[in-house]
Structure formats: C-alpha cells, structure tokens
Amino acid sequence: MTRVPSRGFPVGVPGYQSLGLLGQGASGQVFKARQRSTGQFVAIKIPHPASADNPATRRRVQQRLHQETRVLAMLQHAHVVRLIDKGLAEGGLIFAVLEFIPGETLRDFLQRNGGLPLPDTMALMAQLLDALTFLHQHQVVHRDLKPENLMVVSTGTALHLKLLDFGLASHKGEPRFVTGAEGTPAYCAPEQLRGEPCTPATDIYAWALIFLECLSARPCVQGADVGEVLQRQLSAEPAALPEELADHPVAPLLRQALHKDLRQRASDAAGLYLDLVQCLAQLRGARQAWMAPGVPADSGARQLTLDSMDIPAAEPADAEHALGILCVGLRLYPARNSSLALPYLQEMREQQMRWCANAVQGGQGQSAGVLGDCMLFHFEQGASSAQNLQQAAVAAIDLCTRVQRRSRLLEVQHGVRLEISGGIHSVRPASRHDASSRNQGANVALHLNSVAEPGAIVASQHARRELAANMQFEEYLGTAAARHAGEERVFRLMADLQG
C-alpha cells in the first residue's frame, strides 16, 4: 500500500491537506485543513494514533466518533457545527470532516475580553437555547456543554455562537458505551455525576452555569481540586446568582435552570428561550446603557446588538389592542437525485430564512424569535386588534405566493424546493409586562404551524372570528392533530381581502 503523506496529520488523510493543529484532547486531535477537491477550509477530527495501541481504547474512541458523526448527520442548524464528510485514514482510523469555524472558543473569548454585559450575555445564551431546543426535539442530549465547546464568531456588529464536540452526545439514550459519569465536572448536573441517565434538563443545568460565567468570565463552580468541585456539584446548595441579578426578571429563569433536584429543574429549552427573549424585549429601551464604558455608540466597536437578534419588539403602549402572532415554517428540500453538499444546502436555507424574515418585516411584522425552521412575528402597530391580525394574514398570503414562485425558480436553478406553512393567533396582554400571555400565544401559533400541511395557513378560532369580515376561511381538517387544547376548531385561510 502506498503511504499517503500526512503533511501534519498524525496519519495520512486522503483528499485533505493539513494546515495545522487546532486543538487536541486525550483521545483525539482537530486540524485545520483544505479539501483538495474544492479548496474549502474544513476541520478534521481524528483519533490520536496512541489510541490505536490498545484494542479496547481504539474500539471505544472509534465508537465515539462514529456516534458523533451519526448525531451530527441529523442536525442542520445555524448554531450547530456542520458535518461535511467522514472517511478512513491510514491504519483504518476513522476521521470526521467538519465545518471550519473562523472564530475562537467562548473560553478564549471571555479570557481575552472579560465578562459580557448582561444584555449581551442574554442574547448570546438565547442562541444556545435555540440550538438546544433543536437538539432536544431530535431527542439528542449534548452532555458536554462548556465554554470550550462553544465557538464565538463575529458577523459584523454581532456575535454568533456555534455548538460543537458531540463526542458524548446521546440520541434516545444511546449509545450504551457512553457512561453517565463522563463529562466536565464543573458543568455536569448532579445526575450526570452520579452516573444516572441524562435528559434535556442536564443540558439546561450546564447552560445556566455558562450563562453566569459569561457575566464574570470565571467558572461558576470552582474548587481546589476535582474532588471539591464534585462535592459542590453534588451538594443540595444551588449555585449563587450575582447580587446585581437578585431582582432582575432573568433571575427566576436561572434559578429554575440551576435546581439540583432534577424533578424541579427546567427541562424545556423552547420555553426558556421564549421567556429569555421577553426579558430582552423589556431591556430594549435601555440599549445605550449596554455600551462599554467610554465607547461612543457610533464608534464602530464590535457590540452585540438586539437589532441583530431574533427577539420580540417592545410591547405596545396601548394594551387594549390584541397582538397578532404569525408563525411561519419554511423548509428547504433537495431533489431526490441532488448531489448538493450539506454546507451549500445549509447556506441556502439560511439565505431563504433571511429573505422570508425581510419579506414579513416589510409587511409590518416584527421578528419575535426563531426555533429551528419556525419564525415568529408580532404585529402590534395597527390601530386596532383586527388590523394587527389583518396585517399578519395579508403577510402570510403574500409570502405563500412568493414562496411558490421562488420554489419553482430554485428547483430549476439549484435542484431544491421550498415549502411553507403558517399559524395565526392573537392574544390580548393584560399589561405591558404580561410575558405569560405572549408566551402562551406564541405556543399556540407554533402548534398551529406544526399541524398545517405545506401551503396551508391555519388560524385559531379567535383569530378567525376577528378576521371574518374581511377574510375567507374554511374549517381545517388537514390532520387529525389539527386541534389545540383550548381551541375547539381551527380554520384555513382561503382568500385575500374582499373589496
């Protein structure tokens, strides 16, 4: 067999040129590389050659990397590292080809910049919650959340977070060779340290510890040695919140996420996300206070701004008007015979999501969050409740027409198609700070979208009643699940404004 020059790799990796070591652990190394066939930069993850000396260690390391690639193949999300390829290197060692992320770990970022202001931390941690929502919907638990496994990338004026290293991730509780006690003690929930099964709440616990670390740039759970860290994690005493957070709206969310008792801890990443962006919305008017001391607002310094985040707009001054909520599901599918690479499909998906958001915002909608392929929009600037809902309905109809045209064009040009669905609901907040009503309304809109077939815009009974004078509806029976708790009937939007 002809030896393949390693060019910096520990063994030969055919098809890739090594450009240097990015990092390494006890069993593996990650290299920056160039794919020879395309010229694109990638990250190559390969087991350490020393692991090949021991058959048991080799088998365990290979199984773990197989599991990591199997999990990543299911996950295509803006805040999750992308899997590009995998193969066999010299000696039969498996290697994974991952998206190269031109940034730095959150650990390095905090060490270099110090703690982040609270609003910036909230915005960054909302991105991580979005990723966790997507993982948990696919029955994946990461099990190793820590600053070293989060990449921070500057995208102009904003910071973008990417979650990586799925070596300990479990899917539906598998694989069995991953033992419960593995992980990083300073970020492990008590049940993980006790070797018990990990659940989405296990990731939520680590998320809250990282949230606090972003504020101080110091790990929340520390000790003189590993034993002391373990003792603190396993004690009944929860991690203390900074004094300045004591009366802040985000404090109850963090306390709920930091419960040592698994039965009392928050386990719904989607619910936490909605609550967190509501807290961000309440802070929107205080944006100038978030700038670093001594940095003028127009200096061009890199700041994390709410304008770049998918968060709800400020609540209306007139709480008597109902808020119109539109949830849009936009999905991109390659043709059966398509050979498009995953990075290209992911980039195209993100482009279509941005295009869709811009189209709705042009119709008076304001972005209120993104969960996977679902985008939430608020309509609250109208002179009446009916007008807010009408703007949401018109935006949905217009978007459906535009997506149909756009899908035909994309299919001819790129071999992919777009599908859209939507849900419309309305809520009447009791006050400017009634986050509960808004969250409940968002959940209803998300559910309506989930039962809508491609091309269908489904409205709640309440929304249909307010729009009946100007819109045509028919009772929607598209799926057996097209009913929501508290909603007796749901309706499909049929026609545009009459006269």
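**Exercise 1. Determine which residue of β3 stands opposite Val30, and describe the sheet around this pair.**

Solution. Val30 stands opposite Lys45 in β3. The model is predicted: local features need pLDDT of at least 70, side-chain atom pairs count only at pLDDT 80 or more, and totals for chains, interfaces and linings use all residues. Residues are numbered from 1 along each chain as its sequence is written, and side-chain values use heavy atoms, with hydrogens and water left out.

Step 1. Strand β2 (residues 28-35) and strand β3 (residues 41-47) pair in the antiparallel sense over 7 bridges. Two strands pair if DSSP finds at least two bridges between them; strands (E, at least two residues) and helices (H or I, at least four) are DSSP runs, numbered from the N terminus.

Step 2. The open sheet consists of 5 strands in the order β1-β2-β3-β5-β4, with antiparallel pairing. β1 (16-24) and β4 (83-88) stand at the edges with a single partner strand each, so one side of each is left without a neighbour in the sheet. From one strand to the next, the twist averages 30°.

Step 3. Helix α1 packs on the sheet and touches β3, β4 and β5 (94-99), its direction making about 35° with that of β5. Contact means heavy atoms within 4.5 Å. Axes are lines fitted to C-alpha atoms, for helices over the stretch in contact, and angles run from 0 to 180 degrees between N-to-C directions.

**Exercise 2. Characterise the contact of helix α2 with helix α5.**

Solution. Step 1. The axes of α2 (residues 106-113) and α5 (residues 200-216) come within 9 Å and cross at roughly 25°. α2 is therefore roughly parallel to α5 (angles under 35 degrees count as roughly parallel, over 145 as roughly antiparallel, 65 to 115 as roughly perpendicular and the rest as oblique).

Step 1. Leu106, Arg107 and Leu110 of α2 meet Ile210, Glu213 and Cys214 of α5.

Step 2. These residues divide into 4 nonpolar, no polar and 2 charged. Ala, Val, Leu, Ile, Met, Phe, Trp, Tyr, Cys and Pro count as nonpolar, Asp, Glu, Lys and Arg as charged, and the others, Gly among them, as polar.

**Exercise 3. Locate Glu148 and identify its contacts.**

Solution. Step 1. Glu148 lies in the loop between β7 (140-141) and β8 (150-155). With a relative accessible area of 33%, Glu148 is partly exposed.

Step 1. Leaving aside neighbours within four places in sequence, Glu148 is in contact with Thr105 and Arg107. Arg107 also takes part in the contact of α2 with α5.

**Exercise 4. Describe the pairing of strand β15 and the directions of its residues.**

Solution. Step 1. Strand β14 (residues 416-427) and β15 pair in the parallel sense over 3 bridges. Gly422 stands opposite Ile457 in β15.

Step 1. From β15 (residues 457-460), Ile457 and Ala459 point one way and Val458 and Ser460 the other way; all are buried.

Note on methods. Buried < 20%, exposed > 50% of the residue type's maximum accessible area, 1.4 Å probe, protein only.
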